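Trainee: Hi! Could you walk me through this one?
Mentor: Happy to, have a look at it here.

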Amino acid sequence: MGTVVEAANKGASGSILQKRNPTIVFVLGGPGSGKGTQCANIVEHYGYTHLSAGDLLRAEIKSGSENGTMIQNMIKEGKIVPSEVTIKLLQRAMEESGKDKFLIDGFPRNEENRAAFEKVTGMEPSFVLFFDCPEEEMERRLLNRNQGREDDNIETIRKRFRVFLESSVPVISYYDAKGKVRKIDAARPVEEVFASVKAIFEPKNEKAD
């Protein structure tokens with residue numbers, strides 16, 4: 001079963017990226033926490049490059065590459081795409097961008113993803129941006145969103161929320177123990193949430209604490 005990982009490994013090397021010593025921020029939050037909107041704001045105001053693991057997997061499938069076909073087949077068969085494959089796609093995107101500040105959105109989804117990212121890339125995030133939002137508020141937002149997404153019905157929303165809690169909370173706890181989690185109350189209006197985001201991303205030298 002090494003083929004998918006081997007295909008993902010082609011031409012990807014952690015050393016190029018490590019030499020650049022990039023700033024990596026993991027962005028986590030449940031469905032409807034508003035992290036997508038805030039990522040767009042961070043990109044616009046602070047020049048970060050936004051990378052979504054899901055988008056990269058979809059783009060790879062669409063490209064029709066050997067790797068993309070294998071990913072598509074795994075998804076069709078209900079198998080989980082190995083962490084290494086997703087990580088190599090993230091790594092390649094970071095290398096090819098030529099940039100050195102990245103927001104990695106919706107990843108790591110679980111402890112296994114997290115451990116694999118550090119092992120494969122030899123890097124850790126500078127910090128983790130966690131958009132903390134109560135389930136009722138996320139539910140309300142998703143139901144109001146009305147984008148015709150079939151996964152936006154109550155049962156599915158609650159299931160997605162449970163999955164997020166079960167898988168992502170251990171990741172948040174791990175980084176929290178290392179003092180790397182920046183928790184934001186995401187239940188507030190977008191502007192207020194972004195004010196909290198700004199306080200994290202802007203240099204503190206103007207304000208003597």
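Trainee: What should I know before I start?
Mentor: This is a predicted model, where local features need pLDDT of at least 70, side-chain atom pairs count only at pLDDT 80 or more, and totals for chains, interfaces and linings use all residues. Residues are numbered from 1 along each chain as its sequence is written, and side-chain values use heavy atoms, with hydrogens and water left out.

Trainee: How many helices and strands does the protein have?
Mentor: There are 10 helices and five strands. Helices (H or I, at least four residues) and strands (E, at least two) are DSSP runs, numbered from the N terminus.

Trainee: And what share of the residues is buried?
Mentor: Of the 209 residues, 43% are buried. Buried means under 20% relative accessible area, exposed over 50%, and partly exposed in between, with a 1.4 Å probe and protein chains only.

Trainee: Which residues of α5 are buried?
Mentor: In α5, residues 66-76, they are Asn 67, Gly 68, Met 70, Ile 71 and Met 74. They sit on the same side of α5 because they cover an arc of only 165° around the axis, the arc being that of the directions from the helix axis to the C-beta atoms.

Trainee: What's on the other side of α5?
Mentor: Glu 66 and Lys 76 are exposed there.

Trainee: Switching to α9, where is its kink?
Mentor: At Ser 168, shortly before the proline Pro 170, with a kink of about 40°. The bend at a residue is the angle between axes fitted to the seven residues ending there and the seven starting there.

Trainee: What do the buried residues of α9 pack against?
Mentor: They pack against β1 (23-29), α7 (111-121), β4 (127-132), α8 (135-145) and β5 (181-185). Phe 161, Phe 164 and Tyr 175 are among those buried residues.

Trainee: Now the largest nonpolar core: which members touch the most others?
Mentor: Of its 29 residues, those are Ile 24, Phe 26, Met 94, Ile 104, Phe 107 and Phe 117. A nonpolar core is a set of buried Ala, Val, Leu, Ile, Met, Phe, Trp, Tyr and Cys residues joined through side-chain atoms within 4.5 Å.

Trainee: Which element gives the most to this core?
Mentor: That's α6, with six residues.

Trainee: What does Phe 107 contact?
Mentor: Leaving aside neighbours within four places in sequence, Phe 107 is in contact with residues including Phe 26, Leu 90 and Phe 117. Contact means heavy atoms within 4.5 Å.
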